[in-house]
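Here are my notes on the model, as numbered points. Have the structure open while you read them.

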Amino acid sequence: MNADIMIASTNCHILGINSPMLSVIIVIVGETIAAVLVAVIIHEEGHALATLACGLRLSSFVIGIGPTVLKLRVGRTDFILKLVPITGHIWREPTKRRWARIVIDAAGPLANGLALAPIAALYRLWPGHEEVLLVFGFYQALFLIATLLPTSRKIDGVRIPSDGMRIYDLLFRYHPPSSK
């Protein structure tokens, strides 16, 4: 039996849950939620670090959608955690530098790609935890691929382009931002 499932089974027994199947479901759901949250944080941290490296001000770092659960201000940046942590975004000062916008947009998927290296190393070095590492690796790879696809999604009636769509637009359909 997997070490993670044995721990979950023990914890569920402590909570008065005596079903091995329920223990497995709790582990799978918990690992999935944790893996998505880590993938979102790593992705948005990539954008944030690139923003700062390009000399731009980072005004907010948001994880999740829905009502705000936690808000901290560190320096001039607001760190916000929302109720459903399945996505994220950063707010930065605008720039007309096309190369900076490409670097910032590409940094999120790049961060997810780079996160695969330690996961792969741990896979070989941490026997008994292969399943959880595969879940974390799957979501890092999913975020890497999905965010580079040139698509957009509608959130609260607003069309939001993916990182890949913004990079595509900057490379092939570039229109300089207006100087309003």
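1. Start with arginine 173: with a relative accessibility of 42%, arginine 173 is partly exposed. For these labels, buried is under 20% relative accessible area, exposed is over 50%, and partly exposed lies in between (1.4 Å probe, protein chains only). Arginine 173 has a salt bridge to aspartate 169, at 2.5 Å from N to O. By salt bridge I mean a side-chain nitrogen of Lys or Arg within 4 Å of a carboxyl oxygen of Asp or Glu. Aspartate 169 is also on the partly exposed list, at 24% relative accessible area. Elsewhere, bridges with shared partners tie Asp105, Asp163 and Arg166 into one network.

2. A word on what you are looking at: this is a predicted model, where local features need pLDDT of at least 70 and side-chain atom pairs count only at pLDDT 80 or more, while totals for chains, interfaces and linings use all residues. Numbering runs from 1 along each chain as its sequence is written, and side-chain values use heavy atoms, with hydrogens and water left out.

3. The structure has four salt bridges. In one of them, arginine 166 meets aspartate 163 at 2.5 Å, N to O. These two sit three residues apart in helix α5, so about one helical turn separates them. Helices here are DSSP runs of H or I with at least four residues, strands are runs of E with at least two, and both are numbered from the N terminus. Arginine 166 is partly exposed at 28% relative accessible area, whereas aspartate 163 is buried at 6%.

4. What does the buried side of the story look like for helix α5 (residues 163–172)? Its buried residues are Asp163, Gly164, Met165, Ile167 and Leu170. They pack against α2 (20–53), α3 (98–125), α4 (130–148) and β4 (158–161).

5. Leucine 171 also belongs to helix α5, and at 42% relative accessibility leucine 171 is partly exposed. Which residues does leucine 171 contact, leaving aside neighbours within four places in sequence? They are Arg98 and Ile102, where contact means heavy atoms within 4.5 Å. Leucine 171 and isoleucine 102 are 69 residues apart in sequence, yet their C-alpha atoms are 8.2 Å apart.

6. Now the surface. Ile65, Val69, Leu70, Leu72, Val74, Phe79, Leu81, Leu83, Val84 and Ile86 make a nonpolar patch of about 830 Å². β1 (58–74) and β2 (77–92) are the elements giving it two or more residues. Patch members have over 30% relative accessible area and no salt bridge; nonpolar side chains (Val, Leu, Ile, Met, Phe, Trp, Tyr) are joined within 5 Å, like charges within 9 Å. Areas come from the Shrake-Rupley method with a 1.4 Å probe, and for residues only the protein chains shown count as cover. Leucine 83, in strand β2, is exposed at 55% relative accessible area.

7. Another salt bridge joins arginine 73 and aspartate 78, with the closest N and O atoms 2.7 Å apart. Is aspartate 78 buried or exposed? Aspartate 78 is buried, with a relative accessible area of 16%.

8. Last, the hairpin. Strand β3 (residues 152–155) runs antiparallel to β4, and four bridges join them; strands pair if DSSP finds at least two bridges between them. Arginine 153 has isoleucine 160 in β4 as its bridge partner. Two residues lie between the strands, and in this hairpin aspartate 156 takes a positive phi near 50°.
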